[in-house]
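Biologist: Could you take me through this model? I would like the terms settled before the details.

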Amino acid sequence: MSFRACAVLLCAAIHAAVRGGVAFTNPVWRADAPDPTCWRGDDCYYQTSTARALLKSTDLVHWQKVRDDFLASGERARVKRDWRSIWAPDVARIGNAWNLYVSYWKGAENTAIAVYTCDRPEGPFTNGVVVTDGRVTGIRDTIDPEAVVDPETGKTWLFFGSVGKVHRVELTADGRALAPGAEYVHVAGLSDRDPKAKPHRRRVFEGSYLYRRGDWWYLFASSGEYNNGTYAIVVGRARHLTDDFTDRTGRLMKEGFAETILRSRPGDRFYGPGHNGEIFSSPSGRTYMVYHCHDRELTPYRPHGYNPRPFFLQEILWDSDGWPYFETGRPAATGQFH
């Protein structure tokens, strides 16, 4: 067969693959991967989570482990001298650096957020410094960081929080410290001590993720209890990053209102979807979200104990008014990455 014929066949195969997409079955990573973050660099996707392993993929579907820990050797041991746990990483490219933000936890009243850095997207991340400390600010559960640069202003912002409400604070341009004179602004969710937050913390939000589409900023978060079927993904939107985020009817997210777009029902195999990571556009222009979710078919399943939260991928759709939704409103077992 001639070289030209081989090239024609190869191109045909590539076009067929793009047209048909890459089929996937959830969970796309079956190991425990709670609170995932995902980023793109060097033509690959990367993912890590509270479970610490750093993964790599070319298509968001097939993943392989790059390293056992997103932190450089010795970093975790140093932190563990003062903090009990390291949670919920978030990776953002700011300038020429890849910044990794994490939660330090030793109880709801004893939490902080630190940032590490690397000049490569695959890590490992090092040189950790605390950027905000809940023991200083009085903000309970200073966890679940999300750093974002506003292209309109060039300012870098940190969104974070859980049972003490979701807040926003400005960072320096490199994202490694608080900006001079930075103020903490409550942007979403109620405190879990507010009677209106009960039952099951439905109006307590955590796991912030900011996404810009068209003229809108979307603030995704999770509500409910992370370890059971009440956990769900919610969203609100605003014209500008520093505006009030609202639900579809204009009610404020900072008063505990939002649109619920992904949840499970009692008895579902996949239950408690939440703490979504990033949204990515595919080559065909479709959008896909990553998140964690429980799977009753993973063994051993404990009806009343801790169960793993593996990594899911699902297409997210947009209605005529620009609001995001999922086809069934529930975690999908299968899909196509087009």
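Modeller: To begin with terms, helices (H or I, at least four residues) and strands (E, at least two) are DSSP runs, numbered from the N terminus. Two strands pair if DSSP finds at least two bridges between them. This is a predicted model, in which local features need pLDDT of at least 70 and side-chain atom pairs count only at pLDDT 80 or more, while totals for chains, interfaces and linings use all residues. Residues are numbered from 1 along each chain as its sequence is written, and side-chain values use heavy atoms, with hydrogens and water left out.

Biologist: How many helices and strands does the chain have?

Modeller: There are three helices and 23 strands. The radius of gyration, taken over C-alpha atoms, is 20 Å, close to the 20 Å from the globule rule (2.2 Å times the number of residues to the power 0.38) for 338 residues, so the chain is as compact as a globular protein of that length. Along the principal axes, the C-alpha atoms fill a box of roughly 70 × 45 × 45 Å.

Biologist: And what share of the residues is buried?

Modeller: Of the 338 residues, 53% count as buried. Buried means under 20% relative accessible area, exposed over 50%, and partly exposed in between, with a 1.4 Å probe and protein chains only.

Biologist: Let us go to strand 11. Which residues point which way there?

Modeller: T156, L158, F160 and S162 point one way from strand 11, and W157, F159 and G161 point the other way. In a regular strand the side chains alternate between the two faces of the sheet. Strand 11 (residues 156–162) is mostly covered, with seven of its seven residues buried.

Biologist: Which way does strand 11 run against strand 10, parallel or antiparallel?

Modeller: Strand 10 (residues 146–149) and strand 11 run antiparallel and are joined by four bridges. V149 has T156 of strand 11 as its bridge partner. The hairpin of these two strands has six residues between them, and G154 takes a positive phi near 80° there.

Biologist: What about strand 12?

Modeller: Strand 12 (residues 165–171) runs antiparallel to strand 11, with seven bridges between the two. The hairpin that joins strand 11 to strand 12 passes through two residues. S162 has K165 in strand 12 as its bridge partner.

Biologist: Changing topic, how many salt bridges does the structure hold?

Modeller: The structure holds 20 salt bridges, a salt bridge being a side-chain nitrogen of Lys or Arg within 4 Å of a carboxyl oxygen of Asp or Glu. One of them joins R76 and D69, with the closest N and O atoms 2.8 Å apart; both residues are buried. Another joins D133 and R135 at 2.7 Å between the closest N and O atoms. D133 counts as buried at 14% relative accessibility.

Biologist: Where do D321 and R248 lie?

Modeller: D321 and R248 form a salt bridge at 4.0 Å, N to O. D321 lies in the loop between strand 21 (311–318) and strand 22 (324–325) and R248 in the loop between strand 16 and strand 17, so the pair ties together parts that are 73 residues apart in sequence. R248 is partly exposed, with a relative accessible area of 41%. Elsewhere, salt bridges with shared partners join E109, R140, D192 and R193 into one network.
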